[in-house]
Amino acid sequence: MDSNSIIKVRMADLNVTKYPGILTTLGLGSCVGIALYDPVSRVGGLAHIMLPDSTQIKNNSNIAKFADTATVKLIEDMINIGAKKDRIVAKLAGGAQMFSFSQSSDLMRVGARNVSAAQAILAKLGIPIIASDTGENYGRTIELYTEDGRLVIKTIGHGIKQI
Amino acid sequence: MPGIDIDKLNTLHLDVLREIGNIGAGNATTALAKMLNKKVDMGVPKVNILELKNVADILGGPENLVVGILLDVSGEINGMMMFVLEQQSAHVLVNILMEREIHDISEFTELDISALQEIGNILTGSYLSSLAALTKLTIIPSIPQMAFDMAGAILSVPAIEFGKVGDRVLFIETEFAEGIDHVTGYFILIPDIGSFEKILTSLGVSL
């Protein structure tokens with residue numbers, strides 16, 4: 001496949017594409033990758049969110065940074081290139097706890113909070129989560145293939161898997 | 001009084017922050033050189049003001065395998081401090097200090113890991129204590145924690161913390177290198193926005 005069809009999604013960023021495009025985000029830590037896919041139009045969308053909730057933060061103009069606003073925007077962008085909302089399914093990856101600090105401060109739990117926030121917003125929007133690979137204490141690189149919606153997850157020392 | 005804006009730091013401010021890196025990393029590099037009994041060179045500190053989307057580009061790219069030792073900094077200066085080693089350098093350090101011959105992370109024992117963590121502790125401690133002496137500000141480091149992973153994943157931790165208050169993160173980054181065994185890595189200080197003002201004022205720089 002042409003390497004030009006690989007689109008990189010960076011931290012606090014989101015993007016959408018159609019078959020045969022591939023969306024990837026590298027080195028997810030406590031951030032969460034929200035991968036959405038419409039199997040009929042073969043439209044995919046990927047967001048690399050950093051924080052759970054835009055309403056808890058004053059400086060919230062960067063909508064791709066938050067689980068709630070990024071998901072809404074991702075669906076909008078997917079619909080604009082041919083997806084139908086009631087066909088979209090979701091897969092989640094990331095939300096690791098990279099460092100195990102003894103004091104369980106907010107910062108250290110942010111991975112888990114990002115995952116819960118992503119689950120909550122998807123439930124609210126009626127998008128089913130069909131697979132997840134979240135938590136643990138290691139980083140992940142993920143690739144969403146619009147060919148069939150598979151999400152490939154690469155790690156260091158914890159193997160490669162496909163969900 | 002409102003804090004200084006990260007986008008409004010002028011050349012003088014950036015010079016002072018660079019000098020912080022110089023002094024902090026200078027002391028830490030000296031400590032490392034003593035530990036290894038070898039000459040360690042230090043690069044010119046860089047003050048990187050990065051958009052969140054570009055944060056993962058430092059340290060050799062988001063998928064570069066590194067050892068990251070991270071601690072929280074509190075007291076009169078708040079923020080985070082990181083000591084980052086290229087994976088190869090982590091092996092070399094452990095080999096030198098523990099008199100071992102290992103070439104892969106999977107060979108690290110608990111003891112090797114705590115040795116690395118202790119190196120991180122000593123070096124970041126020496127960085128921060130020179131900074132405290134210079135500014136006469138209280139700096140309380142937390143116990144360092146270590147992760148062995150992709151640089152992007154490790155950097156997500158400070159990026160998230162600073163992402164709560166803005167879309168840019170200021171890193172004072174200093175690279176060091178030891179020529180013979182090729183130990184390379186970085187000292188990174190990430191002061192929060194409120195701390196710029198305190199650091200600059202303590203050094204007599206007007207805002």
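This is a predicted model: local features need pLDDT of at least 70, side-chain atom pairs count only at pLDDT 80 or more; totals for chains, interfaces and linings use all residues.

A: Here is a walk through strand 3 of chain B and what lies around it.

Residues are numbered from 1 along each chain as its sequence is written, while chains are lettered from A and ligands numbered from 1 in the order in which they are written.

Let us start with the strand itself. Helices (H or I, at least four residues) and strands (E, at least two) are DSSP runs, numbered from the N terminus. Strand 3 of chain B has 8 of its 11 residues buried, so the rest of the structure largely encloses it. A residue is buried if 20 or more other C-beta atoms lie within 10 Å of its own, exposed if 12 or fewer, and partly exposed in between, with C-beta atoms placed from the backbone.

Next come its strand partners, where two strands pair if DSSP finds at least two bridges between them. With strand 4 of chain B, strand 3 pairs in the antiparallel sense over 8 bridges, and a hairpin of 3 residues joins the two. Strand 6 of chain B is also antiparallel to strand 3, through 6 bridges. B:Leu70 takes part in both pairings: B:Met82 stands opposite it in strand 4, and B:Gln145 is its bridge partner in strand 6.

The buried residues of helix 2 of chain B pack against strand 3, strand 4, helix 3 (110-135) and strand 8 (183-191). Those buried residues are B:Ser89, B:Ala90, B:His91, B:Val92, B:Leu93 and B:Val94. After helix 2 comes B:Glu99, with a positive phi near 50 degrees.

Now for the partner chain. In all, 27 residues of chain B are in contact with 28 residues of chain A, contact meaning that the C-beta atoms of two residues, placed from the backbone, lie within 7 Å. Strand 3 (65-75) is among the elements of chain B that give two or more residues to this side, together with strand 6 (145-150) and helix 4 (151-163). Helix 4 has the largest share, 10 residues. By type, this side of chain B divides into 16 nonpolar, 5 polar and 6 charged residues; Ala, Val, Leu, Ile, Met, Phe, Trp, Tyr, Cys and Pro count as nonpolar, Asp, Glu, Lys and Arg as charged, and the others, Gly among them, as polar.

Finally, a glance at chain A itself. Its secondary structure comes to 2 helices and 10 strands, in the order β-β-β-β-β-α-β-α-β-β-β-β along the sequence. Of its 163 residues, 50% count as buried, and its C-alpha trace spans about 45 × 35 × 25 Å along the principal axes.
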